[in-house]
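Me: I should like to learn how to read the strands, helices and chain contacts of a model such as this one. Could we proceed feature by feature?

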Amino acid sequence: MSDDKSLDEFLKSIEELDISYDMAPNPQEHSVFTGVTAEPLDFKTYAKDIPCQQACPAKTNVPAYIEAIAKGDPDKAYLINQEDNVFSGVLGRVCSRPCEDACRHNWTGTSGPVHICHLKRSASDYKENPPKPLPGWFEDTSKKVAIIGGGPAGLTAARELRRYGHNVTIYERDSMLGGMMVQGIPIFRLPRETVEAEVNAIIESGIDVKYNTNVDSVMLQGIIDENDAVLMAVGTVHPSNLKIPGLPGDGHTISGLKFMYDYNMGKIGDMRGQNVIIVGGGFTAVDCGRSYARAAKRLVGEEGSVTIMYRRTEAQMSADSDEINEMRLEEIEVETLMNPHSARTEDGKLVGVTFQRNSLDDSQGDGGKPKVHAIEGTEEEYPCDLLIMAIGQTRELKILPEGVSQTEGHDTTHEKVWMAGDFNYGSFDVITAVNDGKEVAKTIDTQLMGKERRKEHIGITMLDTNGETGRVRDHDIQFPPEMPKLPLFDRDGTAEVELGHTEDETLVQATRCYFCHYKFEINQDACIHCDWCIGVAPRDCINRVSRLFHDDDGAVTSSLEANLADEATYIWIDSNECVRCGKCLRICPTGAITMRKSEKCGCSSEEFEEKQKENVPYGVVKYDKY
Amino acid sequence: MQWTLGKRFVSEDEIIKEQGLFLDYDEIARKGAMTAEEKNISKWYGIYSSRHAGNHMARVVVPGGVLSSSQARRMCKIAEDYAQGKLAITTRQCIQLHWLKTPSLADMIRGLAEDSLSTFHGCGDVTRNVTACPLAETCQFKRFNVQPYVQETARVLTSMRDLDNLPRKFKITFSGCGAGCAQPYINCIGVVAVERKGTDGQTEHGFKVVIGGGMGWSPFIGKDLFSFVPPKKIVKVNRAIALLFRDYGDRRDRTMSRLKFVVYRKGIDECRRIVLQYLTDEDVSTEDIEAEAFEETGVPYPDRPLLEENPVGTDGKVTVRAMIPKGELTHIDFKRFAELSEIYGNKKVYLTNRQNIEIHGVKPEKVEAITADIQAAGFATEGFFGMRDIVPCVGTTYCPKAVTETRSLYDTLMPIVSQEKYKDIWDKAIINITGCPNSCSPYRITDIGFRGMRIREQMGSTQAYEMLIGGEHDRLGKKLGEFKTDDCPRVLEKILDTFLRVRKGDETLSECIHRMGL
């Protein structure tokens, strides 16, 4: 173009007119057009654009694996999961699914979120290759790390520390690894083989395990002396209890935790005809209830009863509505707004527990749940032979060496001792434990090696597919199929109840996903305000805006919509409303709209700096779809 | 049935088209409004929705731009009855009626039919109005009269139901010589009459066929498909090209559907092979269809033949033109032209692609009288094909797609270009103004082109134009810059002043720019 002199005379003459326009800046949602970046702006934009991944404690790359499933590659989907959340077969069954609460479908559709969790399971079910150890990141460092506790947090930390190149030893109290995954979750929800396969993929990467080793304070001191770092990930083993007047001792009450451990280990004897009451409303309570029902052959027997008593309402139960429906099907009573009041014994044997009704307050207590108050005079006795207290567990901090206490997060007052998982923050779910294991591994590595060796960053690539992601708009509004379940009378207490989606159902679930990792953005310098994109957009996702409001990092926090063309400074894609249909890109006459893919990645810090040199700033790439 | 979703990677318009292309306008009149799908199918009947809700635009098809005086009078009646008395001539030689109300559409279509007029296939994914150079019948530079081929192509391609559902619109134009008055290089098919000496020394007539041109968002200059097609086969060749388009055009993305993209993606050689195959399949012998270049032996033609004032045709009769500002006129004025054609001309009214009107067949001695009559009606009779012949699209006045008010720019620019100081270059530049990238007024192939856009300010935005200069009927203009509407007049003035200063001899602005780039 620069060789073309044909317009020179004319351009020179126009320069005399001294025309220049004072234009508002060209707002950009990332700090680079393509490449790698770790600026706060990019993390904020990614967090807004991919809400499911942001909501996942382990930051699972949800859209990437769902896209892999939709494109018929469950093995790739499984690998993405394995990388991010370690136990994908496990989590595909038992995850608490914060991602689904954050799914864009919740506010852009009426059929509920994408069933992300079930898709994780489908990837696990349909993959062809068994789980294998993931490749390491760094050469052997000859540093030694000991991990006390082989639960989800400990195992995750072990895997990550091994990938950092350290020698890892796990000390496990039990004869098998998995912690709560094998002890606390009933086998009919999570088959033992699934856990074993994924645990083995970790151990096979070269991790030493000492089974049946109950670490006491003396032993712990020895371990600390022998190792460069010690990670305490022993979970929450101390069951919470409620003081109920008149309640006899052991044998009549049992903690939910203990019950589940015994059940999974096959240690529960005949309980035919007993009346069982479970107090609590979380996953454990539900698991106990269902497990107990099976243990007592409640499904086919008539004599006994199983009742769950919860102090608030179903809406506040940790179990989702699916779970609760399942329980009802299995004839497990759920009584809500009930508070244990007192117990009655006959001949030293528990025969009944009196419950008092609760009423909901308008105000909210800690944790956002509504407060309750007991209603006097509503006491009623329920027959009960066994009371299961499933109201949570707390940490046994006494396990820490003498004089050592937690300071903040993973850190303790001892420079070689760290904490992770439930032992770090109290009883919570598997996915949070996995994330904590990843985080603590990074912290320990940074401490051991004296610098941050892996860089978390956002990678952005340009896609030249004419705005097509492999989906059509109709995919957005498919009916999500329900999870197929084992027929009620075939449920024997060990067989898995959720059967997993068929391949066709999996495809429907997967193609519902908007693939939010694709980002559509308008280059305001190329936009001519024709508004055609606004016309074709299926939703209120593109608007004329007169002003954009930014936070300190440059991320757009809100906008002021304009009615008239004259008031419109920008034509703006609200990526929060965008369903990634690509219509705007296809209709855009000037190539102002581009589709890029943003992903959260990790690599060594050196590699990151090297990659950064190839970054392409905004405005360099002139997109021309023709 | 959601399991079949995978097969539906087509645009929404394609799904609507699959439901059928038929509408009952009396039923629509009863309902009082059209559904979105009906509005879409309505295009096949030549009816678009207006920028103003509840109003419609109808495009009356006028093959070759020739209306009998009777048809012209019918148009006046229809305009008076249904369209607030206004008619607009388009750059593709049609007539558009605006402000039509939904309940009157059926009656309007019936009214048009009384004089063999139709809006059918005025819009939609079909062969659109077939155009021709306005002087096709009598031009002194013509190889032969292409009008019969225009009429036959229009008739045959519109009546073929297997060409009803093309991927997108399909435009054909005929030129009587290579001068490009009918813009063959920016149509899907440009058919250009050629003349050569046959092996026996006899003069041989034929058509050169150019395909894959187009303006819009992504401009393409057409490529030579055939160098020589015997005239009697041209309709069959046009049909074969339509079949190529039908079968290979993109149905996923309507912005990439046009024939120009098929040619761009497949290459002209592959397109030629496919077209020849279609011809063979339909039992048309292809041995006398050629692609090699040869020496054209017709009379030499100037670059811009239409510049000639009151041209005398091969029949000895004169063509007299009337300048229609913005291409829009009232039914009273239009009726006057019908009348004048009856009094002085061949009883036909000719519509040009610069949105003007011509009366053909005027006896030389009557030129003065008809000129006086046209001027008395309030229309200029000079300045054609020059700076004062600015062609704007309808812009935001009617069009839902437009970004800018092109007609107000027309009003601002007219006094600038009409200044006496530009007298010498009045006929050395053509100016087109289009309100959006769709280029209804093709701004890229004129000496000076304006395309509507908006430029953002610190707060809000203002109407502006991208300005191109140096375009020619077969060459695209170059971008000069983007200017707010308020700045356009002084920028234009600078350009014209510079042109006055640097021009050599008789060259046009486009030639001047081309020369300076060498």
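Reply: Let us start with pairing: two strands pair if DSSP finds at least two bridges between them. In this predicted model, β17(B) and β18(B) form a hairpin with four residues between them. Gly460(B), in the turn, has a positive phi of about 90 degrees.

Me: Over how many bridges do β17(B) and β18(B) pair, and in which sense?

Reply: The pairing is antiparallel and extends over nine bridges. Within it, Ile455(B) has Thr462(B) of β18(B) as its bridge partner.

Me: Which strand pairs with β18(B) over six bridges?

Reply: That strand is β19(B), again in the antiparallel sense. Met467(B) is bridged there to Gly481(B) in β19(B).

Me: Is β18(B) mostly covered or mostly open?

Reply: A residue counts as buried if 20 or more other C-beta atoms lie within 10 Å of its own. By this criterion eight of the nine residues of β18(B) are buried, and the strand is mostly covered.

Me: What is the strand order in the open sheet of five strands in chain B?

Reply: The order is β1-β2-β5-β4-β12, with antiparallel pairing. β1 (47–49) and β12 (328–330) of chain B each have a single partner strand and stand at the edges, so one side of each has no neighbour in the sheet. On average, neighbouring strands of this sheet are turned by 30 degrees against each other, direction ignored. As one of the pairings, β4 (residues 86–89) and β5 (residues 95–101) of chain B are joined over two bridges; Ala88(B) has Gln96(B) in β5(B) as its bridge partner.

Me: Which strands do helices α5 and α10 of chain B lie across?

Reply: Helix α5 (residues 105–113) of chain B lies across β1, β2 and β5 of that chain, at about 15 degrees to β2(B). Helix α10 (residues 331–343) of chain B lies across β4 and β12, at about 90 degrees to β12(B).

Me: How many residues of chain B are in contact with chain A, and which elements contribute?

Reply: 41 residues of chain B are in contact with 39 residues of chain A. On the chain B side, the elements giving two or more residues are β17, β18, β19, α13 (488–502) and α14 (509–517). α13(B) gives the most, with seven residues. By class, this side has 18 nonpolar, twelve polar and eleven charged residues.

Me: What confidence does the predictor assign to the complex and to chain B?

Reply: Where pLDDT is low, predicted coordinates should not be read in detail. The mean pLDDT of chain B is 94, and 98% of its residues reach 70 or more. For the complex, the predictor gives an ipTM of 0.88 and a pTM of 0.88.

Definitions and conventions:
Residues are numbered from 1 along each chain as its sequence is written. Chains are lettered from A and ligands numbered from 1 in the order in which they are written. This is a predicted model: local features need pLDDT of at least 70, side-chain atom pairs count only at pLDDT 80 or more; totals for chains, interfaces and linings use all residues. Two residues are in contact if their C-beta atoms, placed from the backbone, lie within 7 Å. Ala, Val, Leu, Ile, Met, Phe, Trp, Tyr, Cys and Pro count as nonpolar, Asp, Glu, Lys and Arg as charged, and the others, Gly among them, as polar. pLDDT is the predictor's confidence in each residue, from 0 to 100. Axes are lines fitted to C-alpha atoms, for helices over the stretch in contact, and angles run from 0 to 180 degrees between N-to-C directions. A residue is buried if 20 or more other C-beta atoms lie within 10 Å of its own, exposed if 12 or fewer, and partly exposed in between; C-beta atoms are placed from the backbone.
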